[in-house]
Amino acid sequence: MIQRLLPFFTLIALFVILSIASPNFLTSTNLSSVVRQTAVINIMALGMTVIIISGGIDLSVGSILALAGLLGTMTMEKHGIPLGMVVGLIAGMLCGFANGAMTTSLRINPFIVTLGTMGIYRGMALIISKGLPVHEIPPSFSYLGEGNLLGVPFVLWILLACAAVIHVKLEHTRMGRYAFSIGSNPDAAHYAGVPVRFHIIGVYSIAGLLTGLAGMIEASRLMTGQPTGGQGYELTAIAAVVIGGGSLRGGEGSVLGTLVGAFIMGLLANGSDLLGTNPYWQQVIIGGVIILAVSFDELRKRRMTS
Amino acid sequence: MLLQLKGVQKKFGGVVALRSGDLEVNAGEVHLLMGENGAGKSTLMKIVAGMQGRDGGEMLWLGRSVNFQNPAEAASQGIAMVHQESLLAPHLSVAENIFLGREPRLPLGWVNRREIVARAARIIEEHHFPLKAEWRVEKLSPAGKQMVEICRAIQQGSSLLIFDEPTSSLSEAETQEVFRIVRALRDRNVGVIYITHRLEELRAIGDRVTVLRDGETVHTGPLAELSTDQIIRHMVGREVTAIYTRDALPPGDEMLRVDHLTCQPLLKDISFCLRAGEIVGMAGLIGAGRTELCRALFGLDALDGGEIRISGQPVRIRSPRDAVKAGMALIPEDRQRTGLATALPISYNFTMASLERVSNFGFIDHGAEKKIAADYTARLRIRAESGKQLAGRLSGGNQQKVAIAKWLVGGARIFLFDEPTRGIDVGAKVEVFQMMDELARSGAAILMVSSEMSELLQVADRILVMRQGRISGELPGRTTPDQIMRYAAFEVSAATTGDQAE
């Protein structure tokens with residue numbers, strides 16, 4: 001049990017250490033900026049959690065983020081913010097739907113399918129925008145990523161709402177339970193009459209929807225629709241899930257774990273900025289943390305089964 | 001004499017696979033090794049070929065006591081095994097497979113491809129195999145792959161070749177081809193051990209026979225001196241130790257009717273019915289199509305023809321989901337792979353097939369689920385700490401109970417049990433039989449596939465026997481193992497004592 005909570009303790013320890021080491025850490029400006037920076041990855045990682053629990057993977061979320069953000073902001077230029085938001089979210093969901101549909105109908109490993117769509121979605125974003133970012137965005141749109149509500153960043157509320165919904169979905173609904181069953185043993189789920197394909201497509205669609213939302217937040221923070229945005233985000237999202245106890249073999253993972261995983265990485269990045277660590281070292285540190293976290297988790301599981 | 005085994009023993013955990021295996025093989029003979037499923041034939045041969053160690057007994061090779069640590073050591077001494085499932089590298093050529101691991105080298109470690117191909121071609125030509133050295137192995141038929149394995153063995157200069165059921169996946173013509181090769185090997189003074197339970201075709205090539213039963217050698221002698229009946233008697237034995245007896249019920253209404261079901265490549269024209277309150281046994285040898293029949297009925301494989309009726313109504317079952325909706329349940333043979341999610345709690349497994357029952361508008365009622373877990377854990381006497389325990393941490397018998405409970409929760413009425421007692425201890429077996437009996441008494445219909453004849457005789461009201469994808473016979477529940485074996489292993493019309501030498 002203590003080992004299961006290891007990521008949680010790591011996060012707290014990191015928080016305490018940074019509070020002591022840097023006078024600038026425990027300020028509302030800095031903490032708000034950490035929240036804003038991690039919110040995008042966090043929301044993507046929530047979707048990734050559901051996918052990884054169901055035994056899948058999605059490498060295309062970085063590209064979906066860019067494509068959804070781009071389509072959303074382009075719509076906003078002419079038709080206003082609400083329609084832009086809707087278009088961004090639906091674009092994300094359709095991309096996820098396509099990933100799930102291809103994985104199940106072509107019976108190709110999702111790693112390969114989403115490796116392909118990673119390129120396809122990115123290419124589509126570049127073709128549609130002719131490679132140029134969208135700048136003509138209504139100024140009030142910046143509230144989504146940069147505004148405050150009740151004294152904290154607005155994105156924190158969005159993040160908490162998403163986390164609550166996904167948590168309830170996973171732990172308290174049939175869809176969530178089927179995600180665990182399919183991820184733990186797809187054959188047993190199929191033999192038990194679980195509509196496996198339907199639920200896999202659902203899982204990727206939900207992740208796509210969340211990525212679309214993350215894409216809109218990213219666009220709002222930067223006040224541009226960037227066809228080249230979000231590169232490498234997929235790996236950060238996967239890392240957050242895995243640090244939080246998700247297993248790439250499926251059947252394991254939790255919303256709380258993923259939030260903790262994403263914030264650990266957020267704090268590591270923020271801490272190295274504050275302490276003036278060479279930014280090149282940041283990457284080395286984060287990479288090491290991923291490997292360490294997963295090896296501890298494997299050790300725990302091996303001890304549990306023996 | 002090439003090989004002599006005396007009192008060889010082997011245990012897997014607590015299960016005794018070989019009690020006392022004796023075998024003598026001479027150069028230039030084809031020695032048949034016969035026995036029921038699980039009699040210990042394959043285990044004995046794996047020990048000979050160095051794939052497994054032995055726990056006791058003696059093994060003499062060319063008069064010297066040997067103890068092979070691995071297959072390579074056995075191979076270096078001249079013992080080679082032709083496997084049931086091909087152990088070749090499919091993407092490499094025939095020649096590369098023949099020389100795999102023993103490639104002739106040029107200086108600098110380069111593989112001498114030209115020599116490999118030339119030498120492989122010579123072996124192939126010498127034995128008139130319908131192969132080409134350059135062909136890729138993945139394109140070959142099962143028979144072709146076996147020929148490559150035989151070439152491999154010959155290339156090693158083997159003086160003893162073991163065939164583990166080589167013809168089970170072959171067509172008639174291919175079988176004849178393998179026989180021709182076996183005869184040619186015998187003529188070159190090679191010893192051949194041939195595992196089989198299809199006797200009819202083996203009169204043609206066998207010289208002597210050794211019969212194993214329950215891990216013990218019960219007979220060995222020239223094949224010509226034995227009638228088919230005598231061999232069957234040796235294989236099944238006389239005594240059937242009863243651990244359970246069941247009083248049959250008067251059967252009720254017809255629950256499941258199957259007419260002319262066909263499912264390529266194996267199942268042909270299968271018709272039978274299950275009635276309420278009935279336990280129907282399904283006997284047959286491995287590969288007869290019993291598991292495939294369960295899969296087809298449960299919508300896991302698409303049918304090529306035939307009709308399924310449930311309670312008189314024709315149904316189309318295209319997926320397990322349809323089957324579950326129609327009230328069917330499949331307890332698969334391979335629990336760990338298809339019956340359970342071993343990494344999830346048992347309570348999740350209980351409700352996996354009937355989550356609707358414990359949820360409202362898609363939301364799971366955790367209280368109801370917990371109650372179901374507690375109920376069934378107690379009712380089925382599942383030894384678990386709580387519903388939260390992971391299914392994979394239970395013993396085999398308790399895992400099987402969870403796999404069965406999954407269907408009880410959903411209220412299924414037609415049960416397909418595929419090898420329900422595999423890998424569980426005697427106490428749990430009796431409990432599984434009791435569960436089946438209770439189900440039957442409550443009006444369910446049960447099909448029970450089992451390779452354990454004694455269990456079928458104890459539990460089933462009547463017994464269907466499958467052979468090579470067809471139902472070859474139907475017997476009353478109080479039949480004898482000899483009768484079952486007759487339908488399972490032999491063409492019934494030819495199952496008299498006739499000597500079928502060519």
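In the predicted model, helix H1 of chain A (residues 6-21) packs against helix H12 of chain A (residues 255-274) at an angle of about 25°, with 9 Å between their axes; helices here are DSSP runs of type H or I of at least four residues, numbered from the N terminus. The axes are lines fitted to C-alpha atoms over the stretch in contact, and angles run from 0 to 180 degrees between N-to-C directions. H1(A) is therefore roughly parallel to H12(A), a term that covers angles under 35 degrees. The crossing of H1(A) and H12(A) is left-handed, meaning that the near helix is turned anticlockwise from the far one by less than a right angle.

Residues count as being in contact if their C-beta atoms, placed from the backbone, lie within 7 Å. H1(A) contributes Pro7(A), Phe8(A), Thr10(A), Leu11(A), Leu14(A), Phe15(A) and Leu18(A) to this packing, and among the residues contributed by H12(A) are Val260(A), Phe263(A), Ile264(A) and Leu267(A). The residues of the contact divide into ten nonpolar, four polar and no charged, where Ala, Val, Leu, Ile, Met, Phe, Trp, Tyr, Cys and Pro count as nonpolar, Asp, Glu, Lys and Arg as charged, and the others, including Gly, as polar.

The contact between the chains takes 19 residues from chain A and 22 residues from chain B. On the side of chain A, the elements that give two or more residues are helix H8 (174-184) and helix H9 (186-191), and the largest share, six residues, comes from H8(A). This side of chain A divides into eight nonpolar, eight polar and three charged residues.

In chain B, Lys406(B) is placed in helix H13 (residues 396-410) and counts as buried because it has 26 C-beta neighbours inside 10 Å, the cut-off for buried being 20 or more other C-beta atoms within 10 Å, with 12 or fewer for exposed and partly exposed in between. Not counting residues up to four places away in sequence, Lys406(B) touches Ala192(A) of chain A, together with Asn349(B), Phe350(B), Met352(B) and Ala353(B). Val426(B), by contrast, lies in helix H14 of chain B (residues 426-441) and is exposed, with 11 other C-beta atoms within 10 Å. The C-alpha atoms of Val426(B) and Gly397(B) are separated by 9.1 Å, although these residues are 29 residues apart along the chain.

Residues are numbered from 1 along each chain as its sequence is written, and chains are lettered from A and ligands numbered from 1 in the order in which they are written. Because the model is predicted, local features need pLDDT of at least 70 and side-chain atom pairs count only at pLDDT 80 or more, while totals for chains, interfaces and linings use all residues.

Key
Contact = placed C-beta atoms within 7 Å. Parallel < 35°, antiparallel > 145°, perpendicular 65-115°, else oblique.
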